[in-house]
Amino acid sequence: MLHPTIHVKRPVTNYFQGFKGKKQERFFLFALAGIQFTHILDFMVMMPLGPEFIRVLNINTHQFGLLLSSYTFAAAIAGVFATYFVDRFERRNLLLSLYACFILATFACALAPDYQSLFIARACAGTFGGILGSLVQTIVADSIAYERRGKAIGIVMSAFSVSTVAGVPLSLFLSDYIPSLGWRAPFIFIAAISLAILYLGYRNIPQIRGHLNQVHEGSRLKQILNVFVSHHHLRAFLFIALIMLTGFTVIPYIALYLTSNVGIDNSYIPLVYLCGGLATLMSSRFIGHLADRYGKVKVFKVLAILSLVPILITTNLTPIPLWAVLINSTAFFVLVSGRMIPAMAIVTQMVDNKIRGTFMSLIGSVQMLASGLASVIAGAIVTIGPDGKMEHYNLVGFGAAVCGLLTFYLVRYIHSDKAI
C-alpha cells in the first residue's frame, strides 16, 4: 500500500528562474520530449528493416548487427567524451546545436549510397543522439523542482516509451507504403519532424546557465574521474545497467518469439507495438504523478516487482489467442518502461547541478553499453531449433527477472539524502 510522501521545502538549487506559467512549462517539456522521441525513434526504426537492408545492400546478418551496434556504441563513446564539455556550455545552445547535427546525420542516413556510408552516418547519428539523451535529462533536473520532477520526467519518458514501441510499425509502414524510397523513408520522416521540433525547442527552451557560475576546482580529467569513481555514483551506474539488462535482453526478440513460437501472424506484430505505445503514452504521466506523490523509491519498487510478471510470461508463452498476447505485451511495455520514470528522477538528484551534465553523460553511456550488451547476451543464449522455433528464451526471461530483483534491492542504496 502506497502512502503519500510528505515533502519538506528545500532551497531552490537549480539556478533557474522558473517559467512564467504552466503553458510555457508545458511547451518546454513537449520540446524536450520531442527531442527524446526522435533520437530514440532513429535507433528503433532500424530493427525491423533487417531483411530489406540485407537484400538491398547485399550484406549478411553479421554486417547488419554491426550496423545496429554502430549507433549504440558510438552513443556510449560520445557520452564519455561529452563529460569534458557538457558542463562548460550553456544548456540550451548546446542542446539545439547537437540536435541540428543529429538531424543532418539522420538525413545523411537516408542519402547513403552503400553500406559503408550508411555505417558512418549511423555512427554519427548515434554520437549526437547519445549526448542528446543525457542532456535532456540534465535540463529537466536543472529546471524542475524535485517535488514535481517525477511528472516532468514522465512526460519526457513517455516519448522514450512511445518511440521504443512505435519504431517497428512506423518503419514497416513507411518502407512498405513508399516503395520508391524503401528503407530510406523512415529516416526522411524523422529528419522532417525533427526540424519542426528544433523550431519548437528554439521558441520554448530558455537559457539555463546557473551551472556556469559555480567554480570547478582542479583539472577537468580529475573532476571526471572523481564523478566516475564515487561509490554513490558507481551504484547508480550499476542500477541503471541492471534496469537496461532487465528490459533489453527480452525486447529485441519479442516479435520473433511471438511469430515462431506463439503462432501470431507477422501482420499482427505492428498491432502488438501499437497497443503498447498507446498504453505507455497514457501511463507515463500517471506514473510520474504517483512518483511525486508517494515517493520515487516506493513507486519504483512496486513497478520493479510488477514488471517481473509480464517478463516471465512473455518469455514462457505457449500458443494463446491474440487478445491474451495483447494484454500481456501491453502490460510488459507499460511496466518495464515505467520503471525508468522514478529511476531517472532519483538518479538526477544524486549530484549537484554543476556536475550534473557530466554525471548524466556517463549515465547515458552506461545505458547504451548495457542495452547493447543485453542484446549480445540474449543473442548468445537463444537459438533457432530445427523446427524454426526459438529455444532457451525462457532462460533469458529468468536472467531478466534476476536483474529486476537486483534493482529492487539496489534502489534504496543509490539515492542521496536529498532524494529520500
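The following exercises, each with a worked solution, concern a predicted model of one protein chain.

**Exercise 1.** Describe the secondary structure of the protein chain and the share of its residues that are buried.

*Solution.* Start with the secondary structure, which comes to 17 helices and two strands. Then turn to burial: of the 420 residues in the protein chain, 57% are buried. Finally, among contacts with a separation of 6 or more, 85% are between residues 24 or more positions apart.

**Exercise 2.** Which residues make the nonpolar surface patch of about 660 Å², and which elements give two or more residues to the patch?

*Solution.* The patch is made by Phe107, Leu111, Phe173, Tyr177, Ile178, Leu181 and Ile188. Helix H4 (91–111) and helix H6 (146–177) are the elements that give two or more residues to this nonpolar patch.

**Exercise 3.** Locate Leu111 in the secondary structure and decide whether Leu111 is buried or exposed.

*Solution.* As a first step, Leu111 is placed in helix H4.

**Exercise 4.** Classify Cys275 and Cys403 by accessibility, and state how many disulfides are counted.

*Solution.* Cys275 has a relative accessible area of 26% and is therefore partly exposed, whereas Cys403, with a relative accessible area of 15%, is buried, since buried means under 20%. With a disulfide taken as a pair of cysteine sulfur atoms within 2.5 Å, the count comes to zero.

Conventions
Residues are numbered from 1 along each chain as its sequence is written. This is a predicted model: local features need pLDDT of at least 70, side-chain atom pairs count only at pLDDT 80 or more; totals for chains, interfaces and linings use all residues. Side-chain values use heavy atoms; hydrogens and water are left out. Patches are made of residues with over 30% relative accessible area and no salt bridge: like charges are joined within 9 Å, nonpolar side chains (Val, Leu, Ile, Met, Phe, Trp, Tyr) within 5 Å. Accessible areas come from the Shrake-Rupley method with a 1.4 Å probe; for residues, only the protein chains shown count as cover. A salt bridge is a side-chain nitrogen of Lys or Arg within 4 Å of a carboxyl oxygen of Asp or Glu. Helices (H or I, at least four residues) and strands (E, at least two) are DSSP runs, numbered from the N terminus. Buried means under 20% relative accessible area, exposed over 50%, partly exposed in between (1.4 Å probe, protein chains only). Contact means heavy atoms within 4.5 Å.
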